[in-house]
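Here are my notes on the model, as numbered points. Please read them with the structure open.

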Amino acid sequence: MSEYIVEMRNITKRFPGIVANDDITIQIKKGEIYALLGENGAGKSTLMSMLFGMYEPDEGEIWIRGEKVNIDSPNFATKLNIGMVHQHFKLVENYTIAENIILGIEPIKKYLGLFSHVDLKGATENIARLSRKYGLEVDPSKKIEDINVSMQQRVEILKMLYREAEILIFDEPTAVLTPQEIDFLLEIIEELKRGGKTIILITHKLEEIKRIAHRCAILRKGQLVDVLDVKNTATREMANLMVGREVSFKTEKKGACFQDVVLEVRNLSIKNNDDFDVVKDVSFKVHGGEVFAIAGVSGNGQVEIADAIAGLTDIFQGEVLLNGKDISNYSIRKRTVEGISYIPEDRQTYGLILDFSLAENLALKEYYKEPFNHNGLLNRNVINEYGEGLIHKYDIRSSQGIKTQVRQMSGGNQQKAIIGREIELKSSLMIFVQPTRGLDIGAIENIQRMIIEERDKGKAILLISLELDEIMNIADTIGVIYNGEIQKIASADALTTNEVGEFMMGVTA
Amino acid sequence: MDTLIIDGLSFALPLFIMSIGGIYSERSGITNLAIEGLQGFGAFFGALSVVLLSHFFNIPIQKLFYLALLLSMVGGMIFSLLHGLLSIKFKANQVISGVVINILAMAVTVFLTTQINNMVFGAMSDKFQIGTSQRFTIPLLSKIPILGAIFKNIYPFEIVIVFMAIFAYYVFYKTRFGLRLRACGDNPHSVDAAGVEVSKVQFKAVMISGALSGLGGISFAYSISTNFSPAIYMGYGYLAIAALIFGNWEILPTFGACLLFGFARAGGYYMGQLLKLPSTFSDLIMTLPYVLTLLLLIFFSKTNRAPRALGEIYDKGKR
């Protein structure tokens with residue numbers, strides 16, 4: 001028997017217009033935590049999808065436990081005791097946890113020895129036992145739609161364990177979790193390793209790898225760059241290898257040079273659907289050439305402020321002035337025309353139409369104007385040319401250029417497309433809500449640099465972020481929000497990270 | 001009162017079995033507007049078979065009653081293959097496929113009925129005479145006050161439907177197949193990931209839907225008239241869809257909706273007779289179930305929730 005439980009030799013996989021995996025060889029030992037590190041679109045998920053039988057490699061061989069195998073379906077992968085937690089969970093929402101776990105391998109009992117039926121009771125007991133064994137407490141009779149994301153992930157893990165998986169693949173498992181949930185998950189993964197499981201962790205987060213992985217394969221643009229011993233490698237080195245250049249963790253920026261006031265918010269109050277005050281009497285000003293960041297723990301009213309300025313939420317009291325003009329009662333389009341660009345928090349729901357092409361998405365805020373629209377007809381040539389221009393200018397990568405369906409693009413490139421589109425509006429105010437959420441280091445760096453560039457052009461920037469590091473990194477002025485109220489507004493130089501953190505928790509010094 | 005219950009049930013039960021078929025199909029994720037066409041074609045197939053058998057082998061047509069039910073289910077199932085083929089295999093739009101099947105069923109069956117009547121029986125008729133179905137009354141039980149009417153003047157098909165419905169309920173909620181079927185309508189990706197072929201499950205569901213529609217169709221043919229004729233396309237298939245929507249795609253509440261429609265219809269008749277309205281007005285009263293549908297729509301459509309993946313063309317690659 002070979003030393004390796006999984007060997008993928010010289011794997012190549014091509015998709016139309018792109019080589020997703022180019023001659024990749026990885027070897028994984030039994031009982032280790034093996035990380036696959038790479039930027040979005042580097043080919044990590046594709047590689048693992050082949051190990052799990054969702055695709056078949058164009059070239060190369062897969063060996064499991066020293067035997068050559070041809071994994072042609074997830075079913076067969078399951079037979080080889082390989083399990084995978086997908087990035088997008090595959091759960092039936094109106095089913096209970098138990099029903100989801102047994103789906104496909106339902107235990108059967110017979111009434112009167114004749115009528116076979118699914119033995120839900122027995123399964124529920126088995127699952128409860130299993131969940132206790134691995135410290136993954138769940139209530140098997142709860143429905144998926146009633147439990148949170150972290151719990152749903154536990155269900156996915158239990159699904160693998162129920163199928164007696166030995167090789168567990170986790171695809172970006174922490175992308176959807178809060179910091180506490182991440183800690184918990186990493187502990188579970190270590191626990192599974194101690195239980196003799198082999199773990200493959202797909203991620204672009206270096207801290208996680210540093211914390212739990214033994215070895216780490218770095219992929220870049222479909223190629224294997226290096227396989228490293230995590231213990232003996234610095235985080236910075238991994239980051240550089242992943243991105244392919246020197247990564248600076250600190251964004252370089254010149255001193256700000258404030259111009260006239262662009263945005264003024266006066267005594268703004270907002271009520272939510274339950275008639276609850278989510279924003280209370282908030283006032284602030286943002287100048288041209290200034291990055292004004294609102295720091296705060298999620299759910300303290302910061303997103304509502306952005307939505308109210310952009311026109312997505314009704315204002316209860318107060319007013320919003322743009323370049324001295326009261327826009328409080330303007331429609332969204334009128335605000336856009338007056339000079340507001342908006343990069344929303346949920347880019348897939350509010351920022352893009354996922355089933356439209358890239359070119360169409362890039363023209364989404366201008367399609368109704370000349371020359372995009374001529375006598376009520378869309379001019380495809382103009383839209384396409386415009387799209388080509390933006391793709392080039394903002395380095396938006398996709399498999400089929402302007403024709404790419406946006407759904408198929410990586411998160412980083414989706415975000416680049418939105419930001420490019422919004423910058424091209426040449427608005428005097430740009431609102432960024434969580435612009436780097438879920439992106440990898442390379443993309444984060446890129447986007448932060450773009451924000452600074454816009455500031456240097458004299459735009460007013462309103463940044464809303466949950467990442468304190470990001471705020472400390474690029475803001476000129478920081479307003480800290482807690483429970484719908486601005487606790488403190490001060491120049492970024494005058495505040496330390498700890499002070500901001502304290503204001504965020506409502507500790508008023 | 002007795003007639004109300006008797007007529008109400010004899011209408012509600014065929015409607016119910018068609019709704020169950022619809023539930024099977026829609027909970028597997030396949031929109032099924034074809035129930036109207038499927039019940040018509042199923043009834044046609046069953047009626048044609050027994051008419052021919054009776055003619056060529058000289059069997060009294062009454063004796064072929066159960067065969068007619070069985071063959072109608074076969075006919076509905078055969079015709080439903082078309083819906084499966086179009087919407088599952090060729091990934092066509094399920095609404096269009098359903099509507100096409102309805103139009104096609106009506107055209108084909110009416111055409112064939114007249115042609116076959118002409119060729120085989122030498123008669124110019126668009127009907128197949130399938131004879132009356134002998135009603136019966138259960139002794140004792142029928143003596144219960146008021147509710148005893150349930151056991152009076154029963155058509156044999158009502159008994160068949162009750163047993164079929166119970167079996168369908170058991171398969172839907174208790175068996176492995178049912179569990180997988182219902183999962184397909186919510187998140188087919190999860191079914192696929194569990195190693196079950198989604199399209200196979202959906203195909204079976206559509207075929208079941210066809211068979212049950214056929215059973216409902218022939219029951220209407222027996223109860224409303226004693227023949228198969230174009231009058232079978234009265235929109236009862238659509239009413240079955242309305243019933244399953246009010247029933248929130250669950251079998252028991254749908255039964256309630258069907259009973260409501262059945263009694264509304266029987267009540268309408270009853271009222272017409274009571275008021276001694278001329279026959280032109282009785283047509284107006286026949287619209288009662290549909291008016292009821294509209295009213296119910298207003299109240300129920302808010303709280304009801306369709307299967308999440310209903311009508312979506314399942315594409316493995318899409319996330």
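**Notes on the model**

1. Eight bridges join strand E1 (residues 4–15) of chain A to E2(A), and the two run antiparallel. Within this pair, A:Ile11 stands opposite A:Ile24 of E2(A). Strands (E, at least two residues) and helices (H or I, at least four) are DSSP runs, numbered from the N terminus. Two strands pair if DSSP finds at least two bridges between them.

2. A word on conventions. This is a predicted model, in which local features need pLDDT of at least 70 and side-chain atom pairs count only at pLDDT 80 or more, while totals for chains, interfaces and linings use all residues. Residues are numbered from 1 along each chain as its sequence is written, and chains are lettered from A and ligands numbered from 1 in the order in which they are written.

3. The open sheet in chain A has four strands, ordered E2-E1-E4-E5, with antiparallel pairing. Neighbouring strands are turned by 25 degrees against each other on average, direction ignored. Helix H1 (residues 44–51) of chain A packs on the sheet and touches E1, E2 and strand E4 (59–64) of chain A. The direction of H1(A) makes about 120 degrees with that of E1(A). Axes are lines fitted to C-alpha atoms, for helices over the stretch in contact; angles run from 0 to 180 degrees between N-to-C directions. Contact means C-beta atoms, placed from the backbone, within 7 Å.

4. Chain A as a whole has 17 helices and 24 strands. Its radius of gyration is 25 Å, close to the 23 Å of the globule rule for 509 residues, so chain A is as compact as a globular protein of that length. The radius is taken over C-alpha atoms; the rule is 2.2 Å times the number of residues to the power 0.38.

5. Which residues touch the most other members of the largest nonpolar core? They are A:Leu51, B:Leu15, B:Ala47 and B:Ala243, in a core of 162 residues. Helix H8 (residues 198–224) of chain B gives the most to this core, with 14 residues. A core is a set of buried Ala, Val, Leu, Ile, Met, Phe, Trp, Tyr and Cys residues joined through C-beta atoms within 7 Å. Buried means 20 or more other C-beta atoms within 10 Å of the residue's own, with C-beta atoms placed from the backbone.

6. B:Leu15 touches, among others, B:Cys258 and B:Phe261. Both are buried in H10(B). The buried residues of H10(B) pack against helices H1 (2–27), H5 (156–174), H9 (236–246) and H12 (288–300) of chain B.

Conventions:
Buried ≥ 20, exposed ≤ 12 C-beta atoms within 10 Å, placed from the backbone. Contact = placed C-beta atoms within 7 Å. Lists of a residue's contacts leave out its neighbours within four places in sequence.
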